[in-house]
Amino acid sequence: MSTNPLLKGTLQTIILKLLEDNAEMYGYEITQKVKEVTGGGVMLTEGALYPALHKLEADGLLETFTQVVDNRVRKYYRLTEEGGKEVTSKLSEAELFIEQLQALLNLKPTVK
Amino acid sequence: MKLSADELKLINDHMAAYKIKYRDVHNEVLDHVVSAIQEKREAGDHSNIELLFMQIIEEHFGGTEGIEKLVAEHGKAYTRSINKLWMQSLKHYLTLPMLGFAIVALLLSIKLPDTNMVKTLILVMCTVLVCSPIVYAHFLLKGRVVKVVNGNQRFLRIHLVIKTGTPAIFLYLPFRYIPHQYIYQLPPIVFMSIMIVFVLLNLAAINFCRQFTALTPVTR
(Lines give C-alpha, C1' and ligand atoms only; values in the text may rest on other atoms or scores of the structure.)
Protein backbone atom coordinates (compact mmCIF):
# COMPACT_ATOMS: atom_id res chain seq x y z
CA MET A 1 0.00 0.00 0.00
CA SER A 2 1.61 3.29 -1.00
CA THR A 3 0.90 6.89 -0.24
CA ASN A 4 0.71 9.38 -3.07
CA PRO A 5 3.92 11.46 -2.70
CA LEU A 6 1.86 14.62 -3.29
CA LEU A 7 0.10 13.90 -0.01
CA LYS A 8 3.22 14.05 2.13
CA GLY A 9 3.05 17.75 2.89
CA THR A 10 -0.63 17.65 3.72
CA LEU A 11 -0.75 14.51 5.83
CA GLN A 12 -0.90 16.39 9.13
CA THR A 13 -3.69 18.63 7.77
CA ILE A 14 -5.67 15.58 6.68
CA ILE A 15 -5.30 13.97 10.12
CA LEU A 16 -6.25 17.14 11.98
CA LYS A 17 -9.29 17.71 9.75
CA LEU A 18 -10.47 14.12 10.13
CA LEU A 19 -10.18 14.39 13.90
CA GLU A 20 -12.04 17.68 13.87
CA ASP A 21 -14.90 16.00 12.01
CA ASN A 22 -14.86 12.71 13.91
CA ALA A 23 -13.85 13.73 17.45
CA GLU A 24 -11.79 10.60 18.17
CA MET A 25 -10.28 7.97 15.91
CA TYR A 26 -7.71 5.19 15.99
CA GLY A 27 -4.96 4.58 13.42
CA TYR A 28 -6.63 1.90 11.33
CA GLU A 29 -9.88 3.84 11.36
CA ILE A 30 -8.09 6.88 9.90
CA THR A 31 -6.65 4.87 7.00
CA GLN A 32 -10.06 3.38 6.28
CA LYS A 33 -11.78 6.74 6.48
CA VAL A 34 -9.35 8.27 3.97
CA LYS A 35 -9.89 5.29 1.67
CA GLU A 36 -13.67 5.60 2.02
CA VAL A 37 -13.84 9.38 1.50
CA THR A 38 -11.62 9.26 -1.60
CA GLY A 39 -13.22 6.12 -3.00
CA GLY A 40 -9.93 4.27 -2.69
CA GLY A 41 -8.06 6.95 -4.65
CA VAL A 42 -5.89 7.92 -1.73
CA MET A 43 -4.22 5.31 0.42
CA LEU A 44 -2.23 6.29 3.50
CA THR A 45 0.79 4.21 4.31
CA GLU A 46 0.95 3.21 7.93
CA GLY A 47 4.67 3.98 7.83
CA ALA A 48 3.74 7.62 7.21
CA LEU A 49 0.52 7.80 9.22
CA TYR A 50 1.76 6.60 12.61
CA PRO A 51 4.91 8.77 12.74
CA ALA A 52 2.71 11.75 11.79
CA LEU A 53 0.26 10.89 14.58
CA HIS A 54 3.10 10.48 17.08
CA LYS A 55 4.64 13.79 16.02
CA LEU A 56 1.32 15.62 16.37
CA GLU A 57 0.93 14.04 19.80
CA ALA A 58 4.46 15.06 20.81
CA ASP A 59 3.78 18.60 19.59
CA GLY A 60 0.72 18.75 21.85
CA LEU A 61 -1.81 19.00 19.00
CA LEU A 62 -3.30 15.58 19.72
CA GLU A 63 -4.00 13.74 22.93
CA THR A 64 -4.56 10.04 23.31
CA PHE A 65 -6.47 7.61 25.41
CA THR A 66 -6.74 3.85 25.34
CA GLN A 67 -9.67 1.50 25.37
CA VAL A 68 -9.69 -2.27 25.60
CA VAL A 69 -11.41 -3.76 22.55
CA ASP A 70 -11.66 -7.56 22.16
CA ASN A 71 -8.87 -8.05 24.71
CA ARG A 72 -6.43 -5.73 22.96
CA VAL A 73 -5.53 -2.14 23.67
CA ARG A 74 -6.73 0.42 21.16
CA LYS A 75 -5.16 3.86 21.13
CA TYR A 76 -7.50 6.69 20.20
CA TYR A 77 -6.42 10.15 19.12
CA ARG A 78 -8.31 13.38 19.52
CA LEU A 79 -7.57 17.07 19.12
CA THR A 80 -6.27 19.11 22.02
CA GLU A 81 -7.40 22.71 22.38
CA GLU A 82 -4.21 23.80 20.62
CA GLY A 83 -4.83 21.20 17.90
CA GLY A 84 -8.33 22.57 17.37
CA LYS A 85 -6.88 26.01 16.69
CA GLU A 86 -4.23 24.56 14.42
CA VAL A 87 -6.81 22.92 12.11
CA THR A 88 -8.08 26.30 10.89
CA SER A 89 -4.60 27.60 10.16
CA LYS A 90 -3.50 24.36 8.47
CA LEU A 91 -6.64 24.35 6.30
CA SER A 92 -6.06 27.94 5.22
CA GLU A 93 -2.46 27.06 4.35
CA ALA A 94 -3.63 24.06 2.33
CA GLU A 95 -6.29 26.10 0.48
CA LEU A 96 -3.76 28.76 -0.40
CA PHE A 97 -1.32 26.13 -1.60
CA ILE A 98 -3.95 24.46 -3.78
CA GLU A 99 -4.89 27.83 -5.32
CA GLN A 100 -1.26 28.60 -6.06
CA LEU A 101 -0.73 25.15 -7.50
CA GLN A 102 -3.79 25.53 -9.73
CA ALA A 103 -2.47 28.87 -10.97
CA LEU A 104 0.98 27.41 -11.60
CA LEU A 105 -0.36 24.44 -13.48
CA ASN A 106 -2.85 26.59 -15.37
CA LEU A 107 -5.75 24.57 -14.09
CA LYS A 108 -7.64 27.73 -13.24
CA PRO A 109 -7.28 31.24 -14.70
CA THR A 110 -5.84 33.81 -12.29
CA VAL A 111 -8.36 36.25 -10.87
CA LYS A 112 -7.50 39.84 -11.79
CA MET B 1 -15.32 -11.20 12.07
CA LYS B 2 -13.63 -11.82 15.43
CA LEU B 3 -10.48 -13.90 15.46
CA SER B 4 -10.24 -17.00 17.63
CA ALA B 5 -8.12 -17.10 20.79
CA ASP B 6 -5.60 -19.37 19.03
CA GLU B 7 -5.32 -16.99 16.10
CA LEU B 8 -4.81 -14.02 18.41
CA LYS B 9 -2.13 -15.93 20.31
CA LEU B 10 -0.36 -16.72 17.07
CA ILE B 11 -0.44 -13.06 16.06
CA ASN B 12 0.89 -12.05 19.48
CA ASP B 13 3.71 -14.58 19.15
CA HIS B 14 4.62 -13.26 15.71
CA MET B 15 4.46 -9.68 16.96
CA ALA B 16 6.93 -10.52 19.74
CA ALA B 17 9.50 -11.38 17.07
CA TYR B 18 9.66 -7.71 16.02
CA LYS B 19 10.83 -6.73 19.53
CA ILE B 20 9.05 -3.38 19.47
CA LYS B 21 10.47 -1.65 22.53
CA TYR B 22 7.64 0.84 23.08
CA ARG B 23 4.53 -0.76 24.44
CA ASP B 24 2.16 1.79 22.94
CA VAL B 25 3.67 1.28 19.44
CA HIS B 26 3.43 -2.48 19.91
CA ASN B 27 -0.23 -2.19 20.92
CA GLU B 28 -0.97 0.17 18.06
CA VAL B 29 0.59 -2.10 15.42
CA LEU B 30 -1.14 -5.14 16.95
CA ASP B 31 -4.54 -3.42 16.90
CA HIS B 32 -3.97 -2.32 13.30
CA VAL B 33 -2.96 -5.81 12.16
CA VAL B 34 -5.88 -7.51 13.92
CA SER B 35 -8.36 -4.94 12.56
CA ALA B 36 -7.00 -5.39 9.04
CA ILE B 37 -7.14 -9.20 9.26
CA GLN B 38 -10.68 -9.07 10.61
CA GLU B 39 -11.69 -6.90 7.67
CA LYS B 40 -10.07 -9.30 5.20
CA ARG B 41 -11.95 -12.17 6.78
CA GLU B 42 -15.21 -10.25 6.57
CA ALA B 43 -14.47 -9.65 2.89
CA GLY B 44 -14.27 -13.43 2.43
CA ASP B 45 -10.50 -13.98 2.60
CA HIS B 46 -10.07 -17.12 4.68
CA SER B 47 -6.35 -17.56 4.08
CA ASN B 48 -4.11 -18.95 6.78
CA ILE B 49 -3.67 -16.51 9.68
CA GLU B 50 0.11 -16.52 9.34
CA LEU B 51 -0.14 -15.62 5.67
CA LEU B 52 -2.58 -12.81 6.42
CA PHE B 53 -0.35 -11.52 9.19
CA MET B 54 2.71 -11.43 6.93
CA GLN B 55 0.70 -9.78 4.15
CA ILE B 56 -0.49 -6.98 6.45
CA ILE B 57 2.97 -6.41 7.92
CA GLU B 58 4.51 -6.24 4.44
CA GLU B 59 1.78 -4.27 2.67
CA HIS B 60 0.85 -1.85 5.44
CA PHE B 61 4.08 -1.38 7.37
CA GLY B 62 6.79 -2.27 4.84
CA GLY B 63 7.92 -5.37 6.69
CA THR B 64 10.55 -5.53 9.44
CA GLU B 65 12.38 -2.49 8.08
CA GLY B 66 9.20 -0.44 8.10
CA ILE B 67 8.44 -1.40 11.69
CA GLU B 68 11.98 -0.56 12.78
CA LYS B 69 11.62 2.84 11.11
CA LEU B 70 8.27 3.39 12.83
CA VAL B 71 9.82 2.60 16.23
CA ALA B 72 12.77 4.93 15.53
CA GLU B 73 10.42 7.74 14.46
CA HIS B 74 8.38 7.26 17.63
CA GLY B 75 11.53 7.50 19.73
CA LYS B 76 12.53 10.72 17.97
CA ALA B 77 9.09 12.29 18.45
CA TYR B 78 9.10 11.38 22.12
CA THR B 79 12.62 12.71 22.66
CA ARG B 80 11.63 15.95 20.92
CA SER B 81 8.65 16.41 23.23
CA ILE B 82 10.82 15.73 26.29
CA ASN B 83 13.42 18.25 25.12
CA LYS B 84 10.67 20.82 24.52
CA LEU B 85 9.36 20.22 28.02
CA TRP B 86 12.85 20.59 29.47
CA MET B 87 13.45 23.91 27.69
CA GLN B 88 10.08 25.17 28.94
CA SER B 89 11.08 24.20 32.49
CA LEU B 90 14.41 25.95 32.16
CA LYS B 91 12.85 29.11 30.71
CA HIS B 92 10.32 29.07 33.55
CA TYR B 93 13.13 29.95 35.96
CA LEU B 94 15.15 32.25 33.71
CA THR B 95 13.38 35.24 35.19
CA LEU B 96 14.22 38.57 36.76
CA PRO B 97 13.64 37.29 40.34
CA MET B 98 16.07 34.45 39.59
CA LEU B 99 18.60 36.96 38.25
CA GLY B 100 18.07 39.05 41.41
CA PHE B 101 18.65 35.99 43.57
CA ALA B 102 21.85 35.20 41.65
CA ILE B 103 23.17 38.74 42.07
CA VAL B 104 22.40 38.78 45.82
CA ALA B 105 23.98 35.35 46.30
CA LEU B 106 27.11 36.40 44.41
CA LEU B 107 27.37 39.64 46.38
CA LEU B 108 27.00 37.72 49.65
CA SER B 109 29.64 35.23 48.54
CA ILE B 110 32.17 38.08 48.38
CA LYS B 111 31.71 38.40 52.14
CA LEU B 112 32.17 34.65 52.73
CA PRO B 113 35.43 33.66 54.42
CA ASP B 114 37.92 32.33 51.87
CA THR B 115 38.41 28.96 53.57
CA ASN B 116 38.47 25.38 52.29
CA MET B 117 35.60 24.50 54.60
CA VAL B 118 33.26 27.07 53.00
CA LYS B 119 34.22 25.94 49.52
CA THR B 120 33.76 22.27 50.41
CA LEU B 121 30.35 23.08 51.88
CA ILE B 122 29.30 24.79 48.64
CA LEU B 123 30.50 21.80 46.63
CA VAL B 124 28.54 19.44 48.89
CA MET B 125 25.46 21.58 48.30
CA CYS B 126 26.10 21.36 44.54
CA THR B 127 26.20 17.57 44.81
CA VAL B 128 22.91 17.56 46.74
CA LEU B 129 21.37 19.85 44.09
CA VAL B 130 22.49 17.50 41.31
CA CYS B 131 21.21 14.34 43.00
CA SER B 132 17.94 15.61 44.48
CA PRO B 133 15.93 15.86 41.18
CA ILE B 134 16.74 12.24 40.39
CA VAL B 135 15.55 11.15 43.86
CA TYR B 136 12.51 13.45 43.51
CA ALA B 137 11.68 11.98 40.09
CA HIS B 138 12.06 8.47 41.41
CA PHE B 139 9.49 8.96 44.20
CA LEU B 140 7.13 11.25 42.29
CA LEU B 141 6.92 8.97 39.28
CA LYS B 142 7.09 5.66 41.11
CA GLY B 143 4.29 3.45 39.86
CA ARG B 144 2.92 6.20 37.64
CA VAL B 145 5.36 6.46 34.78
CA VAL B 146 4.43 3.27 33.01
CA LYS B 147 0.79 4.30 33.02
CA VAL B 148 1.63 7.79 31.81
CA VAL B 149 3.97 7.08 28.95
CA ASN B 150 3.20 3.48 28.15
CA GLY B 151 6.68 2.07 28.42
CA ASN B 152 8.72 5.18 27.80
CA GLN B 153 9.70 5.68 31.42
CA ARG B 154 13.36 5.04 30.75
CA PHE B 155 13.46 8.23 28.68
CA LEU B 156 12.55 10.38 31.63
CA ARG B 157 15.33 9.04 33.78
CA ILE B 158 17.83 9.20 30.93
CA HIS B 159 16.88 12.80 30.22
CA LEU B 160 17.00 13.77 33.86
CA VAL B 161 20.38 12.18 34.31
CA ILE B 162 21.71 13.83 31.14
CA LYS B 163 20.27 17.25 31.92
CA THR B 164 21.37 17.36 35.53
CA GLY B 165 24.35 15.06 35.21
CA THR B 166 26.20 16.84 32.40
CA PRO B 167 27.09 19.88 34.53
CA ALA B 168 28.08 17.46 37.30
CA ILE B 169 30.63 15.94 34.91
CA PHE B 170 32.05 19.41 34.30
CA LEU B 171 32.22 19.81 38.06
CA TYR B 172 33.87 16.44 38.49
CA LEU B 173 36.46 16.70 35.70
CA PRO B 174 38.48 19.59 37.18
CA PHE B 175 38.64 17.69 40.48
CA ARG B 176 39.78 14.61 38.61
CA TYR B 177 42.57 16.26 36.65
CA ILE B 178 43.53 19.47 38.46
CA PRO B 179 45.23 19.24 41.86
CA HIS B 180 42.76 20.19 44.60
CA GLN B 181 45.01 22.86 46.06
CA TYR B 182 44.76 24.88 42.80
CA ILE B 183 40.97 24.60 42.75
CA TYR B 184 40.72 25.64 46.38
CA GLN B 185 42.72 28.75 45.55
CA LEU B 186 39.74 30.07 43.58
CA PRO B 187 37.62 32.64 45.45
CA PRO B 188 34.24 31.60 46.99
CA ILE B 189 32.39 33.66 44.33
CA VAL B 190 33.43 31.10 41.67
CA PHE B 191 32.04 28.26 43.80
CA MET B 192 28.88 30.25 44.39
CA SER B 193 28.45 30.84 40.62
CA ILE B 194 28.61 27.10 40.06
CA MET B 195 26.05 26.55 42.82
CA ILE B 196 23.64 29.06 41.24
CA VAL B 197 23.79 27.12 37.97
CA PHE B 198 22.93 23.95 39.89
CA VAL B 199 20.07 25.70 41.71
CA LEU B 200 18.64 26.67 38.32
CA LEU B 201 19.05 23.14 36.95
CA ASN B 202 17.57 21.66 40.11
CA LEU B 203 14.46 23.85 39.95
CA ALA B 204 14.10 23.19 36.21
CA ALA B 205 14.38 19.42 36.73
CA ILE B 206 11.73 19.44 39.46
CA ASN B 207 9.41 21.57 37.33
CA PHE B 208 10.09 19.21 34.43
CA CYS B 209 8.95 16.23 36.53
CA ARG B 210 5.80 18.04 37.63
CA GLN B 211 4.89 18.99 34.06
CA PHE B 212 5.64 15.46 32.95
CA THR B 213 3.21 13.95 35.45
CA ALA B 214 0.58 16.52 34.41
CA LEU B 215 0.69 15.02 30.89
CA THR B 216 -1.33 11.99 32.03
CA PRO B 217 -3.60 11.07 29.16
CA VAL B 218 -7.31 10.51 29.68
CA THR B 219 -7.99 6.82 30.16
CA ARG B 220 -11.15 4.82 29.96
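How many helices and strands are there in chain B? Chain B holds 10 helices and zero strands, where helices (H or I, at least four residues) and strands (E, at least two) are DSSP runs numbered from the N terminus. Read from the N terminus, its elements run α-α-α-α-α-α-α-α-α-α.

This is a predicted model, in which local features need pLDDT of at least 70 and side-chain atom pairs count only at pLDDT 80 or more, while totals for chains, interfaces and linings use all residues. Residues are numbered from 1 along each chain as its sequence is written, and chains are lettered from A and ligands numbered from 1 in the order in which they are written.

Of the 220 residues of chain B, 26% are buried. A residue is called buried if 20 or more other C-beta atoms lie within 10 Å of its own, exposed if 12 or fewer, and partly exposed in between, with C-beta atoms placed from the backbone. Two residues are in contact if their C-beta atoms, placed from the backbone, lie within 7 Å. Among the contacts in chain B with a separation of 6 or more, 81% join residues 24 or more positions apart.

The contact between the chains takes 27 residues from chain B and 21 residues from chain A. On the side of chain B, helix 2 (23-42), helix 3 (49-61) and helix 4 (63-93) each give two or more residues. By class, this side has nine nonpolar, nine polar and nine charged residues. Here Ala, Val, Leu, Ile, Met, Phe, Trp, Tyr, Cys and Pro count as nonpolar, Asp, Glu, Lys and Arg as charged, and the others, Gly among them, as polar.

**Nonpolar cores**

A nonpolar core is a set of buried Ala, Val, Leu, Ile, Met, Phe, Trp, Tyr and Cys residues joined through C-beta atoms within 7 Å. The largest one has 36 residues, and those that touch the most other members are Ile15(A), Leu53(A), Leu62(A), Val33(B), Ile37(B), Phe53(B) and Ile56(B). Elements giving two or more residues to this core are helix 1 (11-22), helix 2 (27-37), helix 3 and strand 3 of chain A, together with helix 2, helix 3 and helix 4 of chain B. Helix 2 of chain B supplies the largest share, six residues. A second, separate core of 21 residues includes Leu85(B), Met192(B), Met195(B) and Phe212(B).

**Helix 3 of chain A**

Helix 3 of chain A (residues 46-58) has 13 residues and reaches 18 Å from its first C-alpha to its last, close to the 18 Å expected at 1.5 Å a residue. The expected span is 1.5 Å times one less than the number of residues. This helix is mostly covered, with 11 of its 13 residues buried, including Leu49(A), Tyr50(A) and Leu53(A). Gly60(A), which follows helix 3 of chain A, has a positive phi near 80°.

Most residues other than glycine have a negative phi.

Asn71(A) is exposed because 9 other C-beta atoms lie within 10 Å. Lys19(B) also counts as exposed, with 11 C-beta neighbours inside 10 Å.
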